[in-house]
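Open the structure in your viewer and keep the selection tool ready. We will go stop by stop.

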Amino acid sequence: MGDIYDMFFNMDSGYLEGLVRGFKNGILNKEDYRHLTQCDTLEDLKLHLQGTGYGHFLANEPSPLTVSVIDEKLREKLVVEFEYLRNHAYKDLATFLDFIKYSYMIDNIILLITGTLHQRQLSELLPKCHPLGIFDQMETVTIANTTADLYNAILVDSPLAPFFKECISEEDLNEMNIEIIRNTLYKAYLEAFYDWCQRTGGPTADVMCEILAFEADRRSIIITINSFGTELSKEDRAKLYPRRGKLFPDGLIELSKADEYESVKRVSELYAEYRPLFDGTGNNPGDKTLEDKFFEHEVTLNVNSFMQQFQYGVFYSYVKLKEQECRNIIWIAECIAQRHRAKIDSYIPIM
Amino acid sequence: MGSLFRSEEMCLAQLYLQSEAAFACVSELGELGLAQFRDLNPNVNAFQRKFVNEVRRCDEMERKLRFLERELKKDKIPILDTGDDPVAPPPREMIGLEAKFEKLENEMKEVNTNQEALKRNFLELTELKHILRKTQSFFEEAAMYHGNQPSETNQAEEENLLVNDYAKTPYTKLGFVAGVILREKVPAFERVLWRACRGNVFLRHAEIETTFEDPHTGDTVNKCVFIIFFQGDQLKTRVKKICEGFRATLYPCPETPQERREIAIGVMTRIEDLQTVLNQTEDHRKIVLSQVALDIRVWFIKVRKIKAIYHTLNLFNVNIAEKCLIAECWCPVVEIDRIQFALRKGTELSGSSVPSIMQRMNTKEAPPTYNRTDKFTQGFQAIIDAFGIANYREVNPAPFTIITFPFLFAVMFGDIGHGILMFLFALYLVLSEKKYLAKRPENEIFEMMFDGRYLILLMGIFSMYTGFLYNECFSRSINVFGSAWNVNAMNYTNTTLQASGTLTLNPNVYGVFRGTPIMYPNGTGDPYPYGIDPIWQSAGNKISVQNSYKMKNAVIMGLLQMIFGLVLAFYNHRYNKDYLALFCEWIPQLIFLLCLIGYLCVLIFYKWAVWNVSNSNSAPSLLIGLINMFMFTKPTWAKKTQLYSNQNEVQITIVIIAILCVPWMLLTKPIILYLRNKAKMKQLVLHVDPIYNHDSTANMGTTRYAGVRVAVDETSDDVAILDHDHLDDPETASITPKDEEEKFDMSEVLIYQVIHTIEYCLSCISHTASYLRLWALSLAHSELSEVLWTMVMHSGLSVKGILGAFMSFLIFWGFAGLTVGILLVMEGLSAFLHALRLHWVEFQSKFYKGEGYLFTPFSFSLIVEGRVDE
């Protein structure tokens with residue numbers, strides 16, 4: 001199966017794979033970051049970014065620059081690239097790219113519901129939505145009061161409907177169950193994505209299952225750590241764990257019993273991949289946070305995915321790497337703008 | 001030798017520019033376009049350079065200009081192109097320009113915001129107008145519906161309705177909202193409404209035929225009027241939220257027809273008022289923009305020039321103590337006077353009292369390659385540069401390519417007709433070149449052909465020439481001088497002649513050929529004076545005759561071109577004074593080639609001369625003979641393998657000489673290098689001379705331009721130069737030259753030599769074989785055109801009667817299309833590619849290194865056209 005798959009891959013997706021690999025070469029390297037961190041003003045940053053793959057993406061912005069403009073433009077560039085890929089994608093790759101979009105859709109819905117709960121205006125919330133996750137019915141989610149409402153009226157038509165099955169209830173929406181909805185949605189999404197990749201088989205499965213398994217485990221661990229000291233019961237918490245990671249099943253059972261950070265650490269240390277992530281983390285200055293360690297690990301996985309050919313993982317990895325790069329640039333830009341240079345080096349280098 | 005034979009002589013010069021004069025000087029140099037500046041601060045970030053602020057200001061100005069240009073394009077106002085080329089304004093004028101652009105941009109922006117607001121207003125009013133118009137019909141329908149079929153659920157009200165004003169009452173309990181929504185959102189909108197309100201609302205929608213313009217983006221959009229009926233306040237808030245979610249705009253719509261009419265009238269008058277205001281804003285905008293259109297091109301040029309100057313100044317070294325900028329540039333030696341003149345002019349313009357100084361420097365770095373081309377030679381130079389830029393002062397194959405390239409092409413493309421078509425096409429390009437140069441063609445393929453117009457012209461001319469030799473015009477022969485054959489002598493009977501289309505021409509028949517008496521003892525006249533006798537056109541053995549002839553020709557031409565390549569290599573060695581390579585590589589190479597292929601060519605001529613028609617059957621095969629020569633098989637008369645007496649002895653000698661050449665090529669050079677190195681090491685160990693490092697020639701460069709000599713003493717000058725020269729590391733420059741020379745590594749030299757020797761020996765055979773493509777392509781071309789003639793044109797011509805005229809007319813177009821499409825374009829491209837390959841691989845590999853880099857002078861003419869991305 002694998003060989004046949006390889007043979008026909010280029011027929012449908014060869015062009016896009018080539019394109020995405022080309023895009024990936026534009027990702028900033030260590031040297032670029034070193035230059036960026038030396039900038040004194042955002043204008044300097046702009047000047048330097050001109051010399052990279054970003055080219056003249058800020059050329060038409062009037063001075064003075066603000067971080068939010070940079071953020072918007074960075075995002076716009078990624079979206080344009082992604083939409084180009086999506087428009088030219090065919091068959092399985094189209095589905096795959098849609099899967100990437102779904103996670104942004106979930107984020108957008110949750111953002112809108114939370115915003116409405118806090119009595120924010122829709123017009124104020126919309127610019128905050130990620131453009132990759134915009135779909136037709138999205139803006140009407142504000143009318144729903146219960147999850148059943150939400151599903152029946154709005155989401156049933158959207159591609160997110162299948163993920164929503166588990167969280168339908170007649171309860172009113174509130175802060176707590178929005179979080180639960182988010183995590184259940186994510187769980188369903190990750191599981192569906194994982195299963196789809198597995199069904200596709202070949203190198204796509206090899207690469208993507210690795211990345212998605214890590215994503216699932218990361219969510220489980222983060223959920224557990226964040227749940228300490230909240231009213232979330234252990235049974236409910238266990239329901240939120242995506243069941244596709246390396247922790248499944250034994251690790252998740254152990255995690256569901258955890259009461260404190262140390263026990264989470266103990267569980268994770270049983271797994272060779274996650275042990276180094278917990279080493280040397282802490283809240284002391286100079287230490288890296290667990291979150292950063294996770295990000296670093298994610299970056300490594302995504303960079304590795306480019307080592308394999310004839311698979312869709314490169315598309316996912318490119319989006320994720322680019323996202324990380326945007327975060328890095330924004331971090332550096334914020335540090336420059338706020339004259340807070342002490343922490344400017346705590347970005348996550350990609351190459 | 002002409003300037004194309006070797007690239008221009010270049011020198012590295014150092015410029016001392018007073019800071020106040022630097023701008024004007026660089027500006028003058030930019031107009032001149034003869035100096036390539038080197039980056040003297042490669043380790044400094046782009047944003048840490050001295051003139052980064054000025055560059056930024058230029059960026060900002062460019063942004064504003066681009067904004068204005070976009071606005072001009074939006075309104076389709078043409079930009080005036082007067083073709084004048086303003087010089088870069090002095091820096092003090094920058095502020096004026098900035099202020100001007102700032103003002104224009106603000107004005108434009110203000111106009112735009114006003115216009116947008118007005119347009120938005122206008123849009124809303126138009127939408128309202130449409131709502132009123134469309135809903136009218138909804139209400140009328142509803143009224144009719146209620147009138148005909150009274151609702152059964154509300155009997156009491158129905159009775160009431162009959163009594164009272166029935167047009168009004170049915171809506172009293174039903175609320176409604178009316179609005180406008182994007183057309184593509186309607187289905188989703190309808191579904192969500194249905195679901196969210198559990199089917200308790202009633203939606204009617206109608207398309208608005210006219211399209212709207214989105215005031216923000218300027219796109220045209222299609223919209224729909226909708227009206228939703230519902231019951232109760234709860235549903236109302238819900239519906240309103242959904243409308244908000246779908247970005248539908250809601251408009252107040254009164255319930256009674258009278259009120260609606262009143263509003264409609266009010267809306268109409270307001271629309272008219274707005275229209276006049278809108279027109280006025282539009283006019284104002286037009287006036288502003290048309291003024292901009294007059295100047296924007298000049299502004300762009302000015303700003304780009306200023307920016308380019310500051311970019312260049314950023315490459316310079318700043319000497320704070322002496323208040324001057326130090327630049328290093330490559331420039332052609334013969335142009336130094338013009339550069340100095342430009343510097344003086346720049347200094348005068350800036351009003352600086354201290355002159356700018358130019359001084360030649362010594363360097364070990366290879367200078368850039370600068371071949372001065374004109375419109376004729378640049379196409380040929382481009383072919384060479386595409387392979388690799390020549391090393392500095394290396395023999396440039398371009399001038400020879402001007403003739404050999406079209407010639408080799410034409411050998412493969414020989415046909416008078418096709419040559420004429422190609423020639424005419426190129427002639428058109430050449431004659432209309434002014435038109436196309438002023439306005440570069442958009443089409444990339446066309447541009448490529450345009451750039452190579454002189455190449456195509458020559459290719460066409462040469463194709464005509466070879467076509468004449470092959471005697472082929474669209475595959476037909478032309479009988480110009482009268483055939484030299486006397487077919488009568490063949491004694492064909494009438495029936496044979498009628499039955500067969502082609503017959504074999506046998507030259508070995510008495511009296512058949514009116515050839516010269518020397519070769520044909522019974523010849524009665526002269527042969528066909530030029531090219532191939534047209535009678536072969538109808539001969540059955542045409543191909544076999546031509547094959548043998550073209551094949552041998554290809555080998556001979558190949559040998560000549562390869563030997564010519566070696567001759568050029570000789571010029572290279574002599575110029576570089578590389579006598580080691582000359583005696584240890586070049587001479588054995590030449591001997592080797594002559595022994596193998598040269599001998600073959602001698603045999604070809606010998607065979608042509610000695611064997612004639614009568615004894616050609618017993619002529620030995622040259623190819624077998626060549627193979628046997630290497631096998632040391634003795635040729636004999638008996639086996640028909642011997643060409644001349646003592647052949648065996650001669651051949652053995654030749655083979656032995658060729659074989660001896662191999663170790664000569666392989667070993668002598670490495671051994672001599674090794675011995676030399678050993679001797680040098682001994683010397684170094686004996687006495688290390690610390691003064692040896694001082695470059696004795698360094699002073700020469702400075703003294704030659706005594707008129708502009710710097711007033712600093714020699715030694716400190718040298719130190720300064722070395723410091724700025726980032727490629728010569730200061731450390732190595734100050735130590736002895738032994739470090740600068742590569743460490744001698746015997747194994748590396750040996751491996752290099754082995755590879756080169758093997759490559760050369762094999763290539764002698766393979767390259768000769770490669771030249772056979774001349775024959776193969778030429779055969780393919782003539783066969784293809786023959787097929788096209790017989791299959792297409794001939795079939796049209798052979799239809800008889802009136803129908804034949806029509807058929808010929810129709811078929812001619814098919815024939816013409818195929819001729820251009822297949823024979824000219826496709827065959828032409830293929831012959832072009834093969835000619836290119838023969839030049840790049842077979843010819844240039846003999847002498848051309850192509851490891852140099854191109855001279856890219858700082859020139860405004862390139863920057864302003866946007867061809868160089870600064």
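**Stop 1: a charged pair in chain A**

Select A:Asp195, which is partly exposed, at 25% relative accessibility. Keep in mind that this is a predicted model. What do the side chains of A:Asp195 and A:Arg244 meet in? They form a salt bridge, with 2.8 Å from N to O. Trace the chain between the partners. A:Asp195 belongs to helix α9 (residues 175–200) of chain A. A:Arg244 lies in the loop between α11 (234–240) and α12 (250–256) of chain A. The pair links distant parts of the chain, 49 residues apart. In general, side chains of opposite charge can pair when their charged atoms come close.

**Stop 2: charged pairs in chain B**

Go to chain B and select B:Glu28 and B:Lys345. Their side chains meet in a salt bridge at 3.7 Å, N to O. This pair spans 317 residues: B:Glu28 is in helix α1 (residues 19–32) of chain B, and B:Lys345 is in helix α8 (residues 336–350) of chain B. Is B:Glu28 buried or exposed? B:Glu28 is buried, at 14% relative accessible area. B:Lys345 is partly exposed, at 40%.

Next, select B:Glu102 and B:Lys64. Here the salt bridge is 2.8 Å from N to O. Helix α3 (residues 92–148) of chain B holds B:Glu102, and helix α2 (residues 52–74) of chain B holds B:Lys64. The two residues are 38 residues apart. B:Glu102 is partly exposed, with a relative accessible area of 34%. B:Lys64 is buried, at 6%.

Now pick four residues together: B:Glu8, B:Glu335, B:Arg338 and B:Arg372. Salt bridges with shared partners join them into one network. How many salt bridges are there over all chains? The search of the whole structure finds 51.

**Stop 3: cysteines in chain B**

The cut-off for a disulfide is 2.5 Å. B:Cys11 is buried, at 3% relative accessibility.

Move to B:Cys243. This cysteine is in no disulfide either, and the nearest cysteine sulfur, in B:Cys197, is 9.3 Å away. B:Cys243 is buried, with a relative accessible area of 0%. Over all chains, the count of disulfides is 0.

Now jump to B:Cys601, in helix α17 (residues 579–610) of chain B. B:Cys601 is buried, at 5% relative accessibility. Show what surrounds this residue. Leaving out residues up to four places away in sequence, B:Cys601 touches B:Val555, B:Ile556 and B:Leu559. Then select B:Thr633, 32 residues from B:Cys601 along the chain. The C-alpha atoms of these two are separated by 20 Å.

**Stop 4: strands in chain B**

Select strand β3 (residues 175–182) of chain B. This strand is mostly covered, with 6 of its 8 residues buried. β3(B) and β7(B) run antiparallel and are joined by 8 bridges. Click B:Gly179 to find its bridge partner in β7(B), B:Phe226.

Finish with strand β8 (residues 249–251) of chain B. β8(B) also runs antiparallel to β3(B), and 3 bridges join them. Which residue of β8(B) stands opposite B:Ala178? Select B:Tyr251 to see it.

Methods:
Residues are numbered from 1 along each chain as its sequence is written. Chains are lettered from A and ligands numbered from 1 in the order in which they are written. This is a predicted model: local features need pLDDT of at least 70, side-chain atom pairs count only at pLDDT 80 or more; totals for chains, interfaces and linings use all residues. Side-chain values use heavy atoms; hydrogens and water are left out. Buried means under 20% relative accessible area, exposed over 50%, partly exposed in between (1.4 Å probe, protein chains only). Helices (H or I, at least four residues) and strands (E, at least two) are DSSP runs, numbered from the N terminus. Contact means heavy atoms within 4.5 Å. Two strands pair if DSSP finds at least two bridges between them.
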